[in-house]
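Let's take a walk through a protein together, one region at a time.

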Amino acid sequence: MSEVVTEAIVLHAFDYLETSRILRLLTREAGVQSVLARGARRSRRRFGSAMDLFAQGIAEIHIRPNRELQTLGALDITRARAELGQDVGRFTGASMISEIVLRFPYEEAAAGIFDTVEECLDRIAAAPPESTLEAALGGAWRIIAELGFTPALDVCANCHAPLDSTVSVTFSHSLGGALCKLCATSATGTRTLPPAARNALRTWVVGERVENLAATDARAHQRLLREFFQHHLGTDRELRAFRVWEQGAWSAA
Ligand SMILES: [Zn+2]
């Protein structure tokens, strides 16, 4: 058994038996880990607010090789992110981010992913209610880029011909981005991407913000993002948090 002390963010948490909780942690040093927090429901003193979603701190994890569930020794919280629980748009956006991060499994150290998720959750937590959707969309595309799936936007994803940035293009999830006119004619399952939408993607993948995103555009972006994940993750598993986020935004508005 080895002990790892690493920064960690709680991405999922549920009660286990009478007194414990199971957490899924994104860690800086050991990727995603499922851990058992023994007695967490009985002793708030030992784990405090560390059992709450999106909290971040220093985790001490006892790892046994070839086990799915590890043991959490301690989790000292440095950032609770209580703001995420204070607004439904923030909470559903952050839950969507958690869901997609947990669907791309990796057990190795991934400092880049960790930093990106940390920054993304902080941004959603600080977003005023009218900007939470943009913050979550931007965070999701930034994470996609960090995972190595940045869509082609300025050259054709298929033949690499340069694309005019002022016109609408055809976007293909399976081919990995925007297409030139010629390649678009033979592609199936595509979507039209207007110049403003392409601009927004270009802005988000580098971690910047899109100002004044219109509600109708945000809705189209949610759909594009969902299709992207469905393509890359397979359609057999439902993206539940994503669906709540996508539907909730419009029932609230
Ligand atoms: Zn082409």
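Is S98 buried or exposed? With a relative accessible area of 3%, S98 is buried, a word used here for under 20% relative accessible area, with exposed meaning over 50% and partly exposed in between (1.4 Å probe, protein chains only). Before we go on, please note that this is a predicted model, in which local features need pLDDT of at least 70, side-chain atom pairs count only at pLDDT 80 or more, and totals for chains, interfaces and linings use all residues. Residues are numbered from 1 along each chain as its sequence is written, and side-chain values use heavy atoms, with hydrogens and water left out.

You can find S98 in helix α2; helices (H or I, at least four residues) and strands (E, at least two) are DSSP runs, numbered from the N terminus. Leaving aside its neighbours within four places in sequence, S98 is in contact with L11 and F54, where contact means heavy atoms within 4.5 Å.

Now move on to helix α3, residues 111-126. Its buried residues include I113, F114, V117 and L121. The buried residues of α3 pack against several elements, among them β1 (2-16), α2 (88-103) and α4.

How far apart are the end C-alpha atoms of α4? They are 21 Å apart, which agrees with the 21 Å that its 15 residues (132-146) should span at 1.5 Å a residue; the expected span is 1.5 Å times one less than the number of residues. Helix α4 is mostly covered, as 13 of its 15 residues are buried. Just after α4, G148 takes a positive phi of about 95°.

Further along the chain, look for the zinc ion. Which atoms coordinate the zinc ion? They are the SG atoms of C156, C159, C180 and C183, at 2.3 Å; donors are N, O and S atoms within 2.8 Å of the metal (3.2 Å for Na, K and Ca), and since water is not among the atoms, sites may look incomplete. Along the chain, the donors follow the spacing C-x2-C-x20-C-x2-C. The arrangement is tetrahedral because the 4 donor atoms subtend angles of 102 to 115°, and four donors count as tetrahedral if all angles lie between 85 and 135 degrees. Ideal angles for four tetrahedral donors are 109.5 degrees. C180 is buried, with a relative accessible area of 12%, and C183 is buried too, at 10%.

How values were computed
Tetrahedral: all angles 85-135°; square planar, octahedral: opposite > 155°, others 65-115°.
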